[in-house]
Amino acid sequence: MSRVMAADLRGSGVTVNLLRPGGATATGMVPPDGPRPGGGSMPLLDPAVMGPPIVWLASAEAAGVHDEHISATEFEGWLRTRQP
């Protein structure tokens, strides 16, 4: 859906990006001692992992970033690849 919205809004000044945590997150939707989505055994991510990429996406530095799919757990590396 984000790809469709990004295509529809391209050139309008409105940017569309998809930000995902990068794994199951301790939001109360997954029991802390229950099975993990996909059958994995990784610990639940802290929801705070979303903070830095959200702040960056809301900043002037992110102007023009459009139609990106960003994983919060990989944000620092993703950002490094974007910078000159």
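**Core and aromatic packing in the predicted model**

Of the 84 residues in the protein chain, 25% are buried. The model is a predicted one, and its chain carries 3 helices and 2 strands, which come in the order α-β-α-β-α along the sequence. Take the contacts between residues at least 6 apart in sequence: 49% of them link residues that are at least 24 apart.

On to the inside. The largest nonpolar core has 10 residues: Leu19, Met50, Trp56, Ala62, Val65, Ile70, Ala72, Phe75, Trp78 and Leu79. Helix 3, spanning residues 75-82, is the top contributor to this core, supplying 3 residues. In soluble globular proteins, nonpolar side chains do tend to end up buried together. Met50, one of the core members, touches Leu19, Arg20, Pro21 and Ala72 once neighbours within four places in sequence are set aside.

The aromatic side chains deserve a look of their own. The whole structure turns up 3 aromatic pairs. One of these joins Phe75 and Trp78 in a stacked arrangement, with 6.1 Å from centre to centre and 25° between the planes; the pair counts as stacked because planes under 30 degrees apart fall in that class. Both partners sit in helix 3, and because they are 3 residues apart there, about one helical turn separates them. Phe75 and Trp78 are both buried, and together with Trp56 they make up one aromatic cluster. Trp56, Phe75 and Trp78 are also listed among the residues of the largest nonpolar core.

Technical notes
Residues numbered from 1 in each chain as written. Predicted model: local features only at pLDDT ≥ 70, side-chain atom pairs only at ≥ 80, totals over all residues. Heavy atoms only, no water. Core = buried A, V, L, I, M, F, W, Y, C linked by side-chain atoms within 4.5 Å. Buried < 20%, exposed > 50% of the residue type's maximum accessible area, 1.4 Å probe, protein only. Helix = DSSP H or I, 4+ residues; strand = E, 2+ residues; numbered from the N terminus. Contact = heavy atoms within 4.5 Å. Phe/Tyr/Trp six-rings, centres within 6.5 Å; stacked < 30°, edge-to-face > 60°.
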